[in-house]
Amino acid sequence: MVYDCLIIGGGIAGLQAAIQLGRYSHKVLVIDSNDGRSTICNSYHNILGYPDGVSGKELRQVGKIHAEKLGVSFVDNKVVKANKEKHRFDLLTEDGEIYSGKRVLIATGVMDRLPAFAELMPCLGITVYVCPDCDGYEVKGKRTIVMGSGNSGANMALTISYWTDDIVYINDERKEMKEDLLRLLKEKHIQLIEVPISKVIADGSSFYGVELSNGQTINADRGFIAYGGNKVKSELAHQLGVERLENKHINVDARTKMTNIPYVWAAGDVVAHSEQVTIAMGEGSQAAIWIHKSLIS
């Protein structure tokens with residue numbers, strides 16, 4: 001079978017695109033490796049219709065059910081190679097299967113560089129966060145620890161000082177910081193600790209602080225993670241000759257979300273934008289509309 005569109009990635013952007021394309025009655029296949037950002041966020045708080053928050057898992061479940069009702073097919077696998085043939089695209093998965101399509105949408109996202117503390121995972125999106133635009137409001141007036149590295153952590157601490165003035169920045173990796181950032185941290189009365197973290201103190205989804213390698217315990221109500229070096233999953237785009245920016249995000253047409261390669265689109269966090277769920281939804285729909293236009297033309 002040659003699908004009308006192959007969607008790489010079953011996160012928020014990919015699912016929204018699948019729903020839109022399904023409503024056009026196109027033959028669509030979503031290939032999802034189930035290891036994206038939305039699989040680990042336990043609550044999004046800034047989405048219309050969910051004032052009490054909604055988990056990435058729940059959004060993915062309802063999105064998949066919605067798409068399947070519209071005839072969209074799903075495969076749980078990881079695409080490892082992408083080829084452009086004369087009139088189609090071929091995607092090779094880890095298990096050796098090849099899927100062919102007339103159009104491709106890349107919605108592979110990014111993944112944050114998280115410290116290796118298992119206790120953090122149940123807290124993500126509930127009491128520990130990675131995005132200040134999504135969740136800065138959640139630390140309003142609360143004592144907050146920024147767990148980070150060098151300039152990335154310093155910038156995060158300064159950013160969330162908009163919501164709280166009780167911040168401790170732990171430069172976990174003890175990387176050197178710019179002098180102007182050090183000055184601003186001091187001006188904002190942000191406590192700076194340059195000692196590695198040895199343990200995260202949490203009970204289920206409740207974050208209570210950290211224990212440092214010197215035995216000191218730092219207590220807090222909330223946490224933010226900012227180590228920098230997030231992985232942009234755009235390798236498949238590169239295989240197809242898609243233009244990427246210096247930071248490896250995919251460059252797309254602002255109106256259509258198509259890349260520089262005809263019939264290859266990209267949407268969501270893998271694209272250069274502000275990495276918001278609501279924006280990923282919009283980009284997924286926008287890309288799907290223009291994929292439909294290209295198919296019927």
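Me: Helices (H or I, at least four residues) and strands (E, at least two) are DSSP runs here, numbered from the N terminus. With that settled, where is K27 found?
Reply: K27 is in the loop between helix 1 and strand 2. The model is a predicted one, in which local features need pLDDT of at least 70 and side-chain atom pairs count only at pLDDT 80 or more, while totals for chains, interfaces and linings use all residues. Residues are numbered from 1 along each chain as its sequence is written, and side-chain values use heavy atoms, with hydrogens and water left out.

Me: What does K27 touch, leaving out residues up to four places away in sequence?
Reply: M1, V2, Y3, D4 and C5, where contact means heavy atoms within 4.5 Å. The C-alpha atoms of K27 and D4 are separated by 5.1 Å, though the two residues are 23 apart along the chain.

Me: Buried or exposed, or something in between?
Reply: K27 is partly exposed, because its relative accessible area is 41%. Buried means under 20% relative accessible area, exposed over 50%, and partly exposed in between, with a 1.4 Å probe and protein chains only.

Me: Moving to helix 2. What span should it have, and how far apart are its end C-alpha atoms?
Reply: Helix 2 covers residues 56-69, and at 1.5 Å a residue its 14 residues should span 20 Å; the end C-alpha atoms are 20 Å apart, which agrees. The expected span is 1.5 Å times one less than the number of residues.

Me: Which of its residues are buried?
Reply: G56, L59, R60, G63 and A67. Seen down the axis of helix 2, these fall within an arc of 95°, so they line one face. The arc is taken from the directions from the helix axis to the C-beta atoms.

Me: Why would that spacing put them on one side?
Reply: An α-helix has 3.6 residues a turn, so residues three or four places apart point the same way.

Me: And which exposed residues are on the face turned away?
Reply: K57 and K69.

Me: What covers the buried residues of helix 2?
Reply: The cover includes helix 1 (12-23), strand 2 (28-32), strand 3 (73-76) and helix 7 (277-296). Just after helix 2, G71 takes a positive phi of about 90°.

Me: Which residues other than glycine have a positive phi?
Reply: Among them are K248, at about 75°, and K257, at about 70°. Most residues other than glycine have a negative phi.

Me: Where are those two lysines?
Reply: K248 is in the loop between helix 6 (235-239) and strand 17 (264-266), and K257 is in the loop between helix 6 and strand 17 too. K248 counts as partly exposed because its relative accessibility is 45%. K257 counts as buried, with 9%.

Me: What about M258?
Reply: M258 also lies in the loop between helix 6 and strand 17. M258 is partly exposed, at 26%. Leaving out residues up to four places away, M258 touches V252, D253, Y263, V264 and W265.

Me: Back to helix 7. How does it pack with helix 1?
Reply: Helix 1 and helix 7 pack at an angle of about 40°, with axes 7 Å apart. Axes are lines fitted to C-alpha atoms, for helices over the stretch in contact, and angles run from 0 to 180 degrees between N-to-C directions.

Me: Left-handed or right-handed crossing?
Reply: Right-handed. A crossing is left-handed if the near helix is turned anticlockwise from the far one by less than a right angle, and right-handed if clockwise. The contact of helix 1 with helix 7 divides into ten nonpolar, five polar and no charged residues. Ala, Val, Leu, Ile, Met, Phe, Trp, Tyr, Cys and Pro count as nonpolar, Asp, Glu, Lys and Arg as charged, and the others, Gly among them, as polar.

Me: Which residues of helix 7 are buried?
Reply: V277, A280, E283, G284, S285, A287, A288, I291, H292 and S294. Their cover includes strand 1 (2-8), helix 1, helix 2, strand 6 (98-106) and strand 17.

Me: Helices 4 and 5: how do their axes cross?
Reply: The axes of helix 4 (residues 150-160) and helix 5 (residues 179-187) come within 10 Å and cross at roughly 35°. Helix 4 passes helix 5 in a left-handed crossing. The contact is made by N151, A154, N155, A157 and L158 of helix 4 and L181, L184 and L185 of helix 5.
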